[in-house]
Amino acid sequence: MELDIPKVKGIAAKVGKVGDEVGEYVARARGDIEQAGDGNVGFASVKTYKDVAVRLNEQTVKLAERTSTSGESIATAAANHDYTDSAQALKLHTAGADMAV
Amino acid sequence: MVDYAELKNADPERLTRAAEKAGRVGRDLDQFAEDVLKQGRALGGTWTGKDADAAVQELTRHGRDYTQAHVAYLGVEKAMGTLGQKVTAAKKILDAAEDYAATVPATIDADGRVTAHPPPEARKSDGWMASISQGVKTVAAELQRALDMANAADTEAASALAGLEMPDAPDADPLTALGTMPTGDKATPAAIKKWWDSLSENERELLKNEYPDKVGALDGVPAVDRDDANRILLDERRNGVDEQIKGIEDELTRTPADSPAADYMREKLEKLKQEKDNLDNLRQRLDDPNKKEAFLLKFDPADDGRVILAVGNPDKADNVLTHVPGTGGGFNDGFREDIRRADIEQRDAEAADPSKSTSAIVWQDYDAPGDLLSAGDPSYADDAADDLRDFQHGLRETHEGEPSRNTLLGHSYGSTTVGNAAENANLKIDDLVLVASPGSGQGLGGDAGDFADVGADKGDRSGLTKDHVWAARGNADIIAPISGVPQLGPDPMEDGYGARTFESGTASHTSYWDDDHFRRNLSRIVTGRHDDVQEDVAPIDQIGLPTN
C-alpha cells in the first residue's frame with residue numbers, strides 16, 4: 001500500500017470543502033427557486049414544480065452532507081495511517097535501542 | 001384545468017424566472033460534480049490499497065449523484081422554460097381575442113363566456129347580425145385555442161417534471177452505456193450519433209465526466225458534448241504539467257547545478273514550461289468572452305499532441321470551414337498561430353456575409369511531417385485520410401437544421417492531406433481549397449475533375465466538380481518551384497490541373513492570413529459567393545521569387 005499523507009489530507013480537505021459549499025449554495029437558492037413559479041393559479045405543473053424543487057433541494061443537501069462526511073473520513077483514514085506509521089517507527093526505534101544496549 | 005380567468009391572470013415571466021434559477025443551480029452543480037470527480041482521480045494517484053479504492057469509489061458515486069442533480073435541475077429549466085414560452089403565446093392569443101371582441105362588438109365575462117352586444121341599428125340588418133354572430137364564434141374559438149394551448153403546455157410540463165430522475169435514484173452506469181457504443185468498422189459517425197442519441201441525459205453527462213478520453217474525440221458526438229469532455233482533458237493535462245514542473249523545480253534545488261542531471265532537468269523544465277504556456281493559451285482562448293465562442297473537439301496530448309478547435313459552433317453554423325495545417329504542426333509547434341488563423345477565417349466569413357453564421361475549425365488531428373525534409377513523404381497524408389473523412393462525415397451527422405455549406409482547406413502539406421482524402425472518399429464537402437500546395441495528394445495524372453466521381457462505385461458520388469476546387473499561391477511563396485513533386489501529386493496551380501485559382505496578393509508561404517486578397521477571396525468561397533471571388537489569371541511562370 002502506498003500513501004502520500006499530506007496530499008491525501010489536502011484532497012480530503014478539498015472534498016469536504018465541496019460538500020460544505022454545495023450545502024450552503026443549495027440552501028441559499030432554495031427560497032428563490034420554490035417561490036419562483038408563484039402567481040400562476042390553476043396550473044397543475046406549478047404544483048409539481050414546487051414538489052420537485054423541494055425534493056431536489058432536500059436530496060442535494062443530503063448529498064452535500066455525505067460529501068462533507070466523506071472528506072472527513074478520508075482525512076481520518078490518512079491520520080490513522082500517519083499514526084500507525086509513527087507508532088511503527090517508534091517501535092522500531094525502541095527495538096533498535098534495546099538491541100544496541 | 002386552467003380556465004379563462006386563470007390564464008388571464010397567469011404570470012409567465014415568473015415561470016421563465018423559475019426556469020432560469022433552476023438552470024443556474026444545475027450548471028453550478030455540474031461544476032461541483034467535476035470538482036468531486038477530479039479529487040477522486042487525484043486520490044487514486046496518491047493512495048493505493050483497499051481503503052483507497054473504497055474512497056475513490058465513494059467519490060465517484062458522489063460525482064454521479066451531483067451529475068444526476070445537475071441533469072434534474074436542467075430538466076426543470078427546460079420544462080418550466082417551455083411552459084413559460086407557451087403560456088406567453090397563449091396569453092397573446094387571449095389578448096388578441098379580447099381586442100377583437102371589442103370590434104364585434106361583444107364582451108367576455110369572468111368565466112370566458114362571449115356575449116354579443118349588437119347596436120340597435122344592427123338588429124335591422126340580417127347581414128350585420130350574421131357578421132356579429134360569426135364574430136362571437138371567432139372570439140370563442142380563439143379563447144378556446146388559447147386555453148387548449150395553455151392546458152397542453154401545463155400537462156406537458158407536469159409530466160416532464162414528474163418524470164425527472166432525482167439524485168437518489170439508482171445511479172446510471174456509464175460503463176454499461178459505454179459497452180453499447182459501436183466499435184471497429186461499425187463505429188461510423190452515423191452509428192455513433194445514433195448511439196449518443198439513444199443515451200439518457202444522465203448517461204451522457206456521466207460519460208463526459210468519467211470517460212472524457214473515450215467520448216471527446218468521437219465523430220458523431222455533438223460539438224458541445226465533445227467540448228465538455230475535452231475541456232476536462234485539457235485541465236487534467238494542465239494540472240499534470242504543473243505538478244511535473246513543481247517536482248522538477250524541487251528536485252533541482254537538491255541537485256548540484258553543474259551536474260549533467262541538472263542540465264537534463266533544466267532542459268525538460270524548459271519544454272514543460274513551453275507546453276504549459278501553450279495549454280494556458282488554449283484555455284484562455286476557450287474562455288475568452290470577447291471572442292466568438294470556441295469548442296474543443298479533440299484534445300490528445302500524446303506525442304506531438306492532436307487538437308481540433310472550432311471557432312463558432314459547427315453544429316449550428318450555416319457555413320463550416322475545416323482548415324488542415326501542414327508541416328510542423330503538432331500542438332506544441334504552431335497551434336497558437338493556427339488558432340489565430342481560425343479566428344481570422346471565422347471573422348472574415350461573417351463579415352463577408354453577416355446574414356449567415358460561420359464556424360472555422362483547425363483540424364490538427366494527424367501526424368504532419370515535422371520539417372521540410374520529411375515533407376516529401378506522402379505517407380503522412382495517406383495515414384490521415386480516414387480520420388479526416390470521418391470528421392467531415394461527423395460534421396454532417398451532428399449538424400442541426402438545414403445542411404451547412406462545408407469547405408475543406410489545406411495549407412502547405414495540409415493541401416496534400418485534404419486532396420488525398422478527397423480522392424479516396426466522398427467527404428461530403430461543398431468546396432475544396434488547396435493553399436500553398438506542394439502537390440494535390442493525387443496521382444500525377446490527377447486533376448481537379450477527378451474528385452467528382454469519387455464514391456460513385458459505392459453509390460455515394462461526391463459530386464465535387466472542378467468549379468468547386470480552388471487553389472491559391474501568393475507571389476512571394478517559396479513553394480512554387482517545388483510544387484508538383486512526383487511523390488505529392490500535381491501542382492494545383494498549373495493550368496492543366498483545372499482548379500479555379502484565386503488572387504492571393506504577395507503572400508509568402510506563411511503569411512496568407514495577413515494578406516487582404518487571400519482573406520477576402522477565401523471568405524467569399526466559404527460563404528458561397530463564388531461569383532465575387534477574384535480569380536487569378538497570372539500564368540504560372542510569373543510567380544515571383546527572390547531574384548538576387
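Biologist: What pLDDT does chain A average?
Modeller: Keep in mind that this is a predicted model. In chain A, 79% of the residues score at least 70. Residues 92-101 of chain A sit below 50, and beyond near neighbours in sequence that stretch has 0 contacts in the model. Averaged over chain A, the pLDDT is 80.

Biologist: And which element of chain B has the highest mean pLDDT?
Modeller: Chain B averages a pLDDT of 91, with 97% of the residues at 70 or above. Among its elements, helix 5 (residues 174-179) of chain B has the lowest mean, 85. The highest mean, 98, goes to strand 5 (residues 319-324) of chain B.

Biologist: On to the complex: which element of chain B gives the largest share of the side that touches chain A?
Modeller: The predictor gives the complex an ipTM of 0.83 and a pTM of 0.74. The contact takes 40 residues from chain A and 46 residues from chain B. On the chain B side, the elements giving two or more residues are helix 1 (4-9), helix 2 (12-44), helix 3 and helix 4 (126-162) of chain B. The largest share, 14 residues, comes from helix 2 of chain B.

Biologist: How far apart are the C-alpha centres of the two domains in chain B?
Modeller: The domain assignment gives domain 1 (4-162) and domain 2 (297-542) of chain B. Between the C-alpha centres of domain 1 and domain 2 of chain B, the distance is 46 Å.

Biologist: Which strands of chain B stand at the edges of the open sheet?
Modeller: In chain B, 8 strands form the open sheet in the order 3-4-6-5-7-8-9-10, with mixed pairing.

Biologist: What is the bridge partner of B:Val311 in strand 6 of chain B?
Modeller: Strand 4 (residues 306-311) and strand 6 (residues 358-364) of chain B pair in the antiparallel sense, over 5 bridges. For B:Val311, the partner in strand 6 of chain B is B:Ala360.

Biologist: Where is the kink in helix 12 of chain B centred?
Modeller: The 20 residues of helix 12 (residues 379-398) of chain B should span 28 Å at 1.5 Å a residue, and the end C-alpha atoms are 30 Å apart, which agrees. There's still a kink of about 40° in helix 12 of chain B, centred on B:Ala385.

Biologist: Is B:Ser412 buried or exposed?
Modeller: B:Ser412 has a positive phi of about 60° although it's not a glycine, and its place is the loop between strand 7 (405-411) and helix 13 (413-424) of chain B. The cut-off for buried is 20 or more other C-beta atoms within 10 Å. B:Ser412 has 27 C-beta neighbours inside 10 Å, so it counts as buried.

Biologist: Which residue does a cis peptide bond join to B:Val104?
Modeller: Look in the loop between helix 3 (50-103) and strand 1 (106-108) of chain B, where B:Pro105 lies. Omega is about 0° for this bond, and the residue joined to B:Val104 is B:Pro105.

Conventions: Residues numbered from 1 in each chain as written. Chains lettered and ligands numbered in written order. Predicted model: local features only at pLDDT ≥ 70, side-chain atom pairs only at ≥ 80, totals over all residues. Helix = DSSP H or I, 4+ residues; strand = E, 2+ residues; numbered from the N terminus. Expected span 1.5 Å × (residues − 1). Bend = angle between axes of the 7 residues up to and from the residue. pLDDT = per-residue confidence, 0-100. Contact = placed C-beta atoms within 7 Å. Domains from an automatic or database assignment. Buried ≥ 20, exposed ≤ 12 C-beta atoms within 10 Å, placed from the backbone. Pairing = 2+ DSSP bridges.
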